[in-house]
Amino acid sequence: MKNLIVASTSTIYGSGYLEYLLPSLSMLFSETDEILFIPYARPGGISHEDYTLIAAKAFSKIDKKVIGIHTFSNPSEAIKNAKGIFTGGGNTFVLVSQLYKNGVMESLREAIHFGIPYLGTSAGSNICGVTMNTTNDMPIVYPSSFKTLGAIPFNINPHYLDPSKGSTHMGETRETRIKEFHTQNSIPVVGLREGSWLVVKADSIQLKGTHSARIFEQGKAPYELKSESLLNSLT
């Protein structure tokens, strides 16, 4: 039975790293004291070691130990033996490239479908979707595939931003970019605003947080789903 939290971000304004999610994380990881951390996304080019320290500090507040997957000689075995997994944010292209290079995309997919508790934030949430094609990140490396975990039957656009009223910015909005995606793809996209997350339990997918989500489906006008809504039928 799948058991995931798929969050738009690790940090909301005025809060510490993962702080706003800690009550939910205590429940998600209630059956384990140790979490395997996947730091491959490397936000800002941070090292795997330094990124793992940031995650470890946050999880220490709920008495959880964090071990970085980069410290294992066999990362696939590390995933198979994990009792809880967290994939942090950063650059989705770097993350997906490293997951494929290390041969762990399939191991991670199997672990999630087996029911290992999983937390993804930002890039770590992007990979929960069918593909990574609705990321906001620059393609600084070329992964061997854009196909990701398929733990949820749609794609995520984390950090979703609405157009600012009165803005003179002439560039494309997030909505425009997602509409472009739908000229070539039929996969639904969920725009997750900051402070929002999805709770996935088996086949149930529920929106949590203080904001609604923006839903995009090919051939339809975008629409809003309120917090606490179910997204089970979005396929």
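Trainee: What is the order of the 4 strands in the open sheet that holds E6 and E7?

Mentor: This is a predicted model, and in it the 4 strands follow the order E6-E7-E10-E11, with mixed pairing.

Trainee: What makes E6 and strand E11 (223-225) edge strands?

Mentor: Each of them has a single partner strand, so one side of each is left without a neighbour in the sheet. On average, with direction ignored, neighbouring strands of this sheet are turned by 30° against each other.

Trainee: How do you know that E6 and strand E7 (residues 189-191) pair?

Mentor: Two strands count as paired when there are at least two bridges between them. E6 and E7 have 3 bridges, in the parallel sense, so the pair meets the condition. Asn 157 stands opposite Gly 191 in E7.

Trainee: Which strands make up the open sheet of 7 strands, and in what order?

Mentor: The order is E3-E2-E4-E5-E1-E8-E9, and the pairing is mixed.

Trainee: Why are strand E3 (65-68) and strand E9 (204-209) called edge strands?

Mentor: Each of the two pairs on one side only. From one strand to the next, the twist averages 20°.

Trainee: What is said to pack on this sheet, and what does it touch?

Mentor: Helix H2 (residues 48-59) packs on the sheet, and the strands it touches are strand E2 (34-38), E3, strand E4 (85-87) and strand E5 (118-121). Touching calls for heavy atoms within 4.5 Å. The direction of H2 makes about 165° with that of E3.

Trainee: How do you know that strand E1 (residues 3-7) and strand E8 (residues 196-201) pair?

Mentor: They share 5 bridges in the antiparallel sense, and at least two are needed, so they count as paired.

Trainee: What joins E8 to E9?

Mentor: The two strands run antiparallel and are joined by 6 bridges. Val 200 has Ile 205 in E9 as its bridge partner. The hairpin of E8 and E9 has 2 residues between the strands, and Ala 202 in this hairpin takes a positive phi near 55°.

Trainee: Why is Ser 122 called buried?

Mentor: The relative accessibility of Ser 122 is 11%, and buried means under 20%, so the residue qualifies. Ser 122 is found in the loop between E5 and H6. Apart from neighbours within four places in sequence, the contacts of Ser 122 are Ala 7, Ser 8, Thr 9, Gly 89, Gly 90, Pro 158 and His 159.

Trainee: Why does Val 141 count as partly exposed?

Mentor: Val 141 has 33% relative accessibility. Buried means under 20% and exposed means over 50%, so a value in between is called partly exposed. Val 141 is found in the loop between helix H6 (123-126) and strand E6 (155-157).

Trainee: What makes helix H4 (residues 92-101) mostly covered?

Mentor: Of its 10 residues, 7 are buried. They are Thr 92, Phe 93, Val 94, Leu 95, Val 96, Ser 97 and Leu 99. Their cover includes E2, E4, helix H5 (105-114) and H6.

How values were computed. Residues numbered from 1 in each chain as written. Predicted model: local features only at pLDDT ≥ 70, side-chain atom pairs only at ≥ 80, totals over all residues. Heavy atoms only, no water. Axes fitted to C-alpha atoms, helices over the stretch in contact; angles between N-to-C directions. Buried < 20%, exposed > 50% of the residue type's maximum accessible area, 1.4 Å probe, protein only.
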